[in-house]
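Please read it alongside the sequence and coordinates shown here.

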Amino acid sequence: MSQKKALIVDDSTVTRLMIRKIISEKYPNWEILEAESADKAKSILPEHPDIDLFSLDQNMPGTLSGLDLVGILKSNYPNSKIMLITANIQDAIKNKAKDLAIVFIEKPVTAEKIIPELENL
Amino acid sequence: MNHLTELERDSLCELFNISLGGAAKLMSEMISDEILLTVPSLKLITKSEARNFENLAEQEVCTVEQKFVGDIGNGSAFLLFHKSSSLEIVKMMMKDYVALNEVSQFEKDALSEIGNIILNAILSNLAKMSDYKIETQVPEFFSGKYEEILLNRNPNPNEDNSILLVFIDYQLKGKEIKGYIFFILNFDSIKNLSRVLIEKLK
């Protein structure tokens, strides 16, 4: 598989570490970026117009939530995959993810939940 | 005096039984081990009663607070562990991801994430079963004396908040890890929640 680029957006260091490890073990040549908030992610997007996969938490400190970021990503990365990986499993959040046609994954993160989403990239 | 009828108490117990079952499954996934939960006991207590609960007042604890707002009212949910138990939980959670001698660096973050997942699972289930809308905020981690963390941080000291106390006993492969979940919510909200649940169960 060719080299891909992923951006993990989550305020939890532990969750970023877990997602990074799951992706790296399956695809060691992928470049993985991290941001601890959606605001930070938004600020680094112009430097990286070639991101293939976004992993977003929903509730993070700052002005933007994970779902707030999705509109921006849909416009600028129309061919990229977006996963909302969140502990917030309320129906309203799930339904918004469904309406936006993004992948919804319930925390805790496991390889079984994430790897299938990487295989068609 | 604030009190719940037997039916109201039963409805809340049922809600938490279902919710904690889901939360235990999630925690088992996080630490890659089976968790055995005792049936949670549920008590509605005042703050002064909470002060003396389980001789915790002077004990060092770690807690994750998840504030919530919505139809149920404004409140806070806390997942609370004895300080001595917390590192054991983090070791189990992080063993595949970092070297054991690095685990303590991740203690705050790992416990925050456990709290985030467990408390969100319970609140999500509560919203689903009651049809209440509940919005959660970013969880916060605190460590220190139980009394200072749980009881002295109330922003409205004059408000007659009740504490809906759900006591859980976690058993992790021979290690006895005790955990507690507290909900701080005013009594009217607790009463309304139980009424809504009773209507749903009819």
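Does N59(A) count as buried or exposed, and at what relative accessibility? In this predicted model, N59(A) has a relative accessibility of 18% and therefore counts as buried, the cut-off for that class being under 20% relative accessible area.

**N59(A) and its partners in both chains**

N59(A) is placed in the loop that runs between β3 and α3 of chain A. When residues up to four places away in sequence are not counted, N59(A) touches D11(A) and N88(A) in its own chain, and T136(B) and V138(B) in chain B. Along the chain, N59(A) and I8(A) are 51 residues apart, and their C-alpha atoms are separated by 14 Å.

**The annotated aspartate of chain A**

The loop between β3 (53-56) and α3 (66-76) of chain A also holds D57(A), at which an unreviewed UniProt entry places the feature "modified residue: 4-aspartylphosphate". D57(A) has a relative accessibility of 2% and so counts as buried. Leaving aside neighbours within four places in sequence, the residues in contact with D57(A) include V9(A), D10(A) and D11(A), together with G66(A), L84(A), I85(A), T86(A) and K107(A). Of these contacts, K107(A) also reaches across to the other chain, where its side chain meets that of E113(B) in a salt bridge with an N to O distance of 2.5 Å.

**The surface between the chains**

How many residues of each chain are in contact across the interface? The count is 22 residues of chain B and 22 residues of chain A, and the two chains bury about 1,900 Å² between them, with 60% of that area on carbon and sulfur atoms. Y97(B), D109(B) and V138(B) supply 29% of the area that chain B buries against chain A, which is more than any other three residues supply.

The rule finds one salt bridge across the interface of chain B and chain A, and eight residue pairs in polar contact, both members of each pair being at pLDDT 80 or more. On the side of chain B that touches chain A, at least two residues each come from α1 (6-31), α3 (83-94), α4 (107-130) and β5 (134-136), and α4(B) gives the most, with 10 residues. Sorted by class, that side of chain B has 13 nonpolar, four polar and five charged residues.

The C-alpha atoms of I22(A) and Q3(A), which are 19 residues apart along the chain, are separated by 16 Å.

**Chain B as a whole, and E107(B)**

Chain B has six helices and eight strands, and its elements run α-β-β-α-β-β-α-α-β-β-α-β-β-α from the N terminus on. Of its 202 residues, 56% are buried. Among the contacts in chain B with a separation of 6 or more, 74% are accounted for by residues 24 or more positions apart. An unreviewed UniProt entry lists residues 67-149 of chain B under "domain: Chemotaxis phosphatase CheX-like"; over these residues the chain is 48% helix and 25% strand, and the end C-alpha atoms are 14 Å apart.

E107(B) lies in helix α4 of chain B and is buried, with a relative accessible area of 12%. Not counting residues up to four places away in sequence, E107(B) touches K83(B), S86(B), L87(B) and V90(B), and with S86(B) there is a polar contact between side chains, at 2.7 Å.

The side-chain pairs described above are collected here.

| Pair | Kind | Distance |
|---|---|---|
| E113(B) and K107(A) | salt bridge | 2.5 Å, N to O |
| E107(B) and S86(B) | polar contact | 2.7 Å |

Definitions and conventions
Residues are numbered from 1 along each chain as its sequence is written. Chains are lettered from A and ligands numbered from 1 in the order in which they are written. This is a predicted model: local features need pLDDT of at least 70, side-chain atom pairs count only at pLDDT 80 or more; totals for chains, interfaces and linings use all residues. Side-chain values use heavy atoms; hydrogens and water are left out. UniProt positions are given in the numbering used here, feature names are shortened, and annotations may be inferred rather than shown by experiment. Helices (H or I, at least four residues) and strands (E, at least two) are DSSP runs, numbered from the N terminus. Contact means heavy atoms within 4.5 Å. Buried area is the accessible area (1.4 Å probe) that two parts lose on being put together, summed over both. A salt bridge is a side-chain nitrogen of Lys or Arg within 4 Å of a carboxyl oxygen of Asp or Glu. A polar contact is a pair of N or O atoms within 3.5 Å; within protein, one must be able to donate a hydrogen and the other to accept it, and residues adjacent in sequence count only if both atoms are side-chain atoms. Ala, Val, Leu, Ile, Met, Phe, Trp, Tyr, Cys and Pro count as nonpolar, Asp, Glu, Lys and Arg as charged, and the others, Gly among them, as polar. Buried means under 20% relative accessible area, exposed over 50%, partly exposed in between (1.4 Å probe, protein chains only).
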